[in-house]
Amino acid sequence: MEIVNKKTTELTEVEKKQICDCYEEVFEGHLKPLSDFNSQYLNTCLDYSFHTLLKTDEGEIVGQYVVVPFEYIYKGKQMLFSFGADFMIRKDHRNDLKNVMGLCRESMKFAKGNGIKCIYAFPNDLSYLLNIRVLRMKEIGKLRTYILPYKIGNAKPKLNALNIFSICFSRLLLIISKLDYRTKSTTPLISRDRTSFDKSRYKWFNPENYRIIKNDIFTCVWKCADFEGVKAAFLIDVYPMSPRNFNRAVQIMFENEKKHIGIFIYVGELNFCPLSMVKIPLKYAPKNFNFVAQILDKKEVIQEDVLDIHNWDVNLSSYDLL
């Protein structure tokens, strides 16, 4: 077995195809077309991502871990914080601990050697322990889920009879939210560099699915997608973030999608209580959005800062979490 480090631009077409095939075998029911591979890993602040590959002696790729770079502003300094994605090893090579540990170690060394200061990830419940125990990530917390349940029956058909009440409740929230004049926006300690972020992030996968509204005051982005079997509109990002801008973004999204969408959702970390959506208690959230990280440069980045979720500019736009 061999472990190889390559940037996306250094991969051959054969290697890309093997990675996509491996992805589809490991993550059953999920496809990775070559077009998605390129749009995801080439549209970054560096125009490439970092791939650590596990190869057989015959040169076949049977595992991978990818580090996707983003430019962040931390304590006034611009630096690379990166998202860890697609950790996978084909089943017939998974039981060899050397393969698992080697892939993890080499990936972290490769990332650190290319100036990455911190790697973060959003593992599902199945891979959470892998991230904590093998990748040595540390838990930051769980992203909170906010909802505008315009037609509650869309989420649970058994509750269709309650649609009239959820419609009235949601419209009342939207009316009240128009009276929210809190305009103060804050910049988290760990924030994305918006110039490079906006140039690349919404070119992933199917760019036409993103709805982007810009005006002189703020920018908001949403996307309609199936989530846990439910068609919903997801508010992906609002910038700059303030209570008034958030509420206005929900109102705009609702007016554009209300004819064919009944559930409106935001997932992220807010330092205020919005009036346009209701925060769901973690134990009732439809999905856990686990948030973990590992610091690669402890001279530049302080652990206490990274492990406080309130210090992060984080939501569904931080990576493609749908």
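**Ground rules.** I am working with a predicted model, where local features need pLDDT of at least 70, side-chain atom pairs count only at pLDDT 80 or more, and totals for chains, interfaces and linings use all residues. Residues are numbered from 1 along each chain as its sequence is written, and side-chain values use heavy atoms, with hydrogens and water left out.

**Entry 1, salt bridges.** I looked up the salt bridges (a side-chain nitrogen of Lys or Arg within 4 Å of a carboxyl oxygen of Asp or Glu) and found 20. One of them joins Lys 75 to Asp 305, at 3.4 Å from N to O. Lys 75 sits in the loop between β3 (61-74) and β4 (77-89), while Asp 305 is in helix α8, 230 residues apart. Helices (H or I, at least four residues) and strands (E, at least two) are DSSP runs, numbered from the N terminus.

I then checked cover, where buried means under 20% relative accessible area, exposed over 50%, and partly exposed in between (1.4 Å probe, protein chains only). Asp 305 is buried at 15%, and Lys 75 is partly exposed at 47%.

Glu 300 and Lys 77 form a salt bridge, with their closest N and O atoms 3.9 Å apart. Glu 300 lies in the loop between β14 and α8 and Lys 77 in strand β4, 223 residues apart.

For Arg 194 and Asp 237 I noted 2.5 Å between the closest N and O atoms of their salt bridge. Arg 194 is in helix α6 (residues 194-200) and Asp 237 in strand β11 (residues 230-239), so this pair ties together parts 43 residues apart in sequence. Arg 194 is buried at 10%, and Asp 237 is buried at 4%.

How many disulfides does the structure hold? I found 0, taking a disulfide as a pair of cysteine sulfur atoms within 2.5 Å. The sulfur of Cys 104 has its closest cysteine sulfur in Cys 22, 14 Å away, which is too far for a bond. For Cys 273 the closest one is in Cys 220, at 20 Å, also too far. Cys 104 is buried at 4%, whereas Cys 273 is exposed at 55%.

My last stop was Lys 299, in the loop between β14 (290-295) and α8 (303-306). Lys 299 is exposed at 84%. Glu 304, in helix α8, is exposed too, at 58%.
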